[in-house]
Each structure stands twice: as C-alpha cells, then as structure tokens.
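Biologist: I have a model open and a few things to ask about it. Can we go through it together?

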Amino acid sequence: MRLAHLLIPLFSLSLLFQGCDKKESSDEALVSTAEFTLMDTQGKSYKVEKRGTNFTLDAGDDKIVLFDIFATWCPPCQAEVMHLGNLQKKYGDDLIIMGITIEEDKSNAELDAFREKYKGGDYLISNKADNQNLARAIASTIGVGQQFPIPLMVLYKNGQYVTHYAGATQEEIIDRDIAQALGK
C-alpha cells in the first residue's frame with residue numbers, strides 16, 4: 001500500500017515534466033499552416049506558404065510581395081490595374097505583385113486582355129483553383145472576414161504582414177508603404 005502512495009506522486013510528477021517538454025513542440029504544432037499553389041497566366045507555378053499570420057511566396061525572398069485580390073467585373077479593381085503596373089515598373093525586382101482573381105471562369109487570355117486593356121504592365125496574375133482558398137486565408141488572418149471588399153491588397157515583406165488596403169486606394173499611399181518597407 002505504501003509503495004502505491006509513493007508511485008502515484010512519482011508517476012504524476014513524471015507526466016507533468018513530460019507535458020512541459022511536449023508543450024514546447026505542441027506550441028509549434030498549434031501554428032496554423034497551409035500551402036497554396038498559384039499559376040500565372042503564362043503557366044509558371046508559385047507556392048505560397050501560410051504559417052500563422054505570415055504568407056511567403058516562394059519567389060519572394062527579400063522582396064516585397066503585394067497580393068491583389070480582385071475580379072475583372074469590379075470597377076475599382078479595373079481602376080487599380082494601371083497603378084499596380086506603375087508600381088511594378090518603379091520597384092522592379094524589389095516588388096512582386098501577384099494578382100489573385102476570385103473568378104473561376106476566366107481564361108488566361110481573358111486575364112491578360114484585362115491587364116492590357118487597363119494598362120497594367122507586367123505584374124503577375126494567378127488563375128488557379130487555389131486562388132479562392134488563398135484569398136479566404138489572407139482575409140481571415142487580417143481580420144476582414146469572408147465577405148471582404150475587393151480589391152483587397154495585402155503587403156508582405158519576407159512573408160511578414162506590413163499593411164492592407166480594402167477598396168480603392170491611391171497609388172501614392174501604396175507607393176509610400178512599399179518604399180517604407182524597403183527602407184527607402
């Protein structure tokens with residue numbers, strides 16, 4: 001009987017210490033992770049990794065990444081195309097703009113024609129089934145909900161959230177934020 005009284009506290013103590021050791025690794029397991037595959041209109045594939053509230057584009061190391069969630073029928077989305085093209089041209093390799101259409105029925109040719117019609121220059125547009133999942137994941141992490149306004153632009157540096165813009169936003173405001181994130 002006395003042996004049982006000694007073993008129970010020792011067993012409980014060992015569980016406590018095991019729980020503490022496992023807590024560190026389980027904290028890491030609690031971080032929400034996901035991976036998304038994007039495909040631009042030219043057929044190039046990109047991976048986006050979500051880890052917690054961070055979104056990292058595989059081609060975006062040491063760069064600013066601007067995810068632009070849009071639809072071709074949306075007037076403010078149409079108006080921003082030229083501004084996004086201007087920003088891509090101005091910042092070149094320091095900036096990756098990835099347009100993410102929420103429409104499922106657009107061909108690559110239609111999206112390229114959309115960008116051309118509104119003088120968008122050379123930024124990327126993704127046309128893949130993962131677009132909507134990525135758009136929802138980004139919207140959730142920045143707290144705008146699932147019924148978010150478009151255009152929704154979210155700026156990241158090295159995968160870390162910088163800021164976001166919901167609805168029509170002046171080019172100068174986005175330009176200022178990009179410059180600040182780049183330390184210019």
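Biologist: Which residue is the bridge partner of I100 in strand 6?

Modeller: S126 is the partner of I100 there. Strands are DSSP runs of E, at least two residues, and helices are runs of H or I, at least four, numbered from the N terminus. This is a predicted model, where local features need pLDDT of at least 70 and side-chain atom pairs 80 or more, while totals for chains, interfaces and linings use all residues. Residues are numbered from 1 along each chain, and side-chain values use heavy atoms, without hydrogens and water.

Biologist: How many bridges join strand 5 to strand 6?

Modeller: Three, and the two strands run parallel. Pairing takes at least two DSSP bridges.

Biologist: What is the strand order of the open sheet?

Modeller: The order is 6-5-4-7-8, with mixed pairing. Strand 6 (124–126) and strand 8 (160–166) are the edges.

Biologist: Which strands does helix 3 lie across?

Modeller: Helix 3 (residues 108–117) lies across strand 4, strand 5 and strand 6, at about 145° to strand 6. Angles run from 0 to 180 degrees between N-to-C directions, with axes fitted to C-alpha atoms, for helices over the stretch in contact; contact means heavy atoms within 4.5 Å.

Biologist: New topic. Which strand gives the most to the lining of the largest cavity?

Modeller: Strand 3, with three residues. The lining divides into four nonpolar, four polar and two charged residues, with Gly counted as polar and Tyr as nonpolar. Among the lining residues are F55, K63 and Y156. A cavity is a set of points on a 1 Å grid where a 1.4 Å probe fits but cannot get out, and lining residues have an atom within 4 Å of a point.

Definitions and conventions. On a 1 Å grid over the protein atoms alone, a cavity is a set of points where a 1.4 Å probe fits but cannot get out, and a pocket is an open set with protein on both sides within 12 Å along at least five of seven lines; lining residues have an atom within 4 Å of a point.
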